[in-house]
Every structure is written in C-alpha cells, then in structure tokens.
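User: I have a model open and would like to talk it through with you. Could you take my questions as they come?

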Amino acid sequence: MSETKATAKTAGSTLEQVKFLTITAMGIALVYVFTWLINVQIFPGEGGLVHLGNVPLFIFAILFGKKTGAIAGGIGMGLFDLTSGWTAWAPFTLIVVAIMGFVTGLIAEKKKGFFWYLLAMIAALPIKIVGYYIAEGFITGNWVAPYLSIPGNVLQVVAAIVITAVVIVPLKKAANKVL
C-alpha cells in the first residue's frame, strides 16, 4: 500500500472515530436532558420516575446503531441518576439502559423499516421491566415492592415508543441524506 493510500485510510478512520464520538456525545447529552427536564415521580421516595429520556435513546439507537444506543442511553441516564439524588440507581441504570440501547440498535441495524424499528423499541420494554425490578429489589431489599414500579416503567417506555414512532422515519430519511 502506498504512503498516500495509507494516510488516506488513517484519515478516514480518524474521521469516522470523530463522527462516532460526536454523535454519541450528543446522544448522551440529549438522553440526560430529556430525562432531567421532563420527568414525573409517581411514588415519592420509591421508584416510579417517569421521564422522556427513552425518546432520544431510541432515536440514537435506531439512527446510529447498537454502540451509540448503548453508550448514549446508559451514560446519559446514569449521569442523571448521579446528579439528581437517584445515586443508588446509577450502576443499575447504566447496565439496564445500555442493554436497552444495544438491543434496540442491534435490531434496527439488522432490519430496516418502520415495523422493525417499532419491534426494536418494544424489545426494550421487557429489559426495562425486568432490569428495574431486579434493581429495586436489591436497593430496597424488598422483592414485592418493585411490582408497584412496573406500570410506571411500562408507561415510560410506551410513551417513548409512541413519540419516537411519529418522528423516526423522517429522521432516518434526513440522517441518510446528511450522513
């Protein structure tokens, strides 16, 4: 390989890394802001925080794939927990939401189209329910109380699915033109 081709390949690789880091950092910021700005605590003192952080999580996972979805979701919501008094939840949030973003992005990478994007987001719902049930059980030491958080988790993810479903196809078309 000539020196010019090697330099071009390295520059292209560096550009892709910068693009990935930039998009993922924007995803982290938007997940954090949507979680922080728009949230309602259903059961004070317990779990049950309903927020819109899953909307940018789903959008970034579908548009940019499993790695961006996992990192943006896990770190964005984990940072929210660390900065908002939900500190005990942060390690669980990092893991649960990263898995949600990874699975959503994985399905959206493999299959294209509205139906598959919808299925990818629906696949995140059981991850949220089971993950946060286990987290709350560990945090509270009570394995019955987490049942009270399930409706809030379902509401949170279903609301995000509906909102994302409205905007994802036009966003995907726009992203394909730009990127």
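This is a predicted model: local features need pLDDT of at least 70, side-chain atom pairs count only at pLDDT 80 or more; totals for chains, interfaces and linings use all residues.

User: How many residues has α4, and how far does it reach?

Analyst: α4 has 21 residues and reaches 30 Å from its first C-alpha to its last, close to the 30 Å expected.

User: Which residues of α4 are buried?

Analyst: Buried means under 20% relative accessible area, exposed means over 50%, and partly exposed lies in between (1.4 Å probe, protein chains only). In α4 the buried residues are Ala90, Thr93, Val96, Val97, Ala98, Met100, Gly101, Thr104, Gly105 and Ala108. The elements that cover them include α2, α3, α5 and α6, where contact means heavy atoms within 4.5 Å.

User: Which members touch the most others in the largest nonpolar core?

Analyst: Leu57, Phe58 and Met100 do, in a core of 29 residues. Such a core is a set of buried Ala, Val, Leu, Ile, Met, Phe, Trp, Tyr and Cys residues joined through side-chain atoms within 4.5 Å. The elements giving two or more residues to this core are α2, α3, α4 (90–110), α5 and α6, and the largest share, seven residues, comes from α5.

User: What does phenylalanine 58 touch?

Analyst: Not counting residues up to four places away in sequence, phenylalanine 58 touches Thr104, Met121, Ala124, Val157, Ala160, Ile161 and Thr164.

User: Back to α5: is leucine 118 buried or partly exposed?

Analyst: Leucine 118, in helix α5, has a relative accessible area of 25%, so leucine 118 counts as partly exposed. Beyond its neighbours within four places in sequence, leucine 118 is in contact with Ile161 and Ala165.

User: New topic, what volume has the largest pocket?

Analyst: The volume is about 260 Å³. On a 1 Å grid over the protein atoms alone, a pocket is an open set of points where a 1.4 Å probe fits, with protein on both sides within 12 Å along at least five of seven lines, and lining residues have an atom within 4 Å of a point. Points are joined across faces, edges and corners, and the volume is the space filled by probe spheres set on them.

User: Which lining residues are closest to its centre?

Analyst: Of the 15 residues that line the largest pocket, Phe20, Leu63, Phe64, Gly65 and Thr68 are closest to its centre. α1 gives the most to the lining, with four residues.

User: What about phenylalanine 34, where does it lie?

Analyst: Phenylalanine 34 lies in helix α1 and counts as partly exposed at 30% relative accessibility. Leaving aside neighbours within four places in sequence, phenylalanine 34 is in contact with His51, Leu52, Gly53, Val55 and Pro56.

Notes: Residues are numbered from 1 along each chain as its sequence is written. Side-chain values use heavy atoms; hydrogens and water are left out. The expected span of a helix is 1.5 Å times one less than its number of residues.
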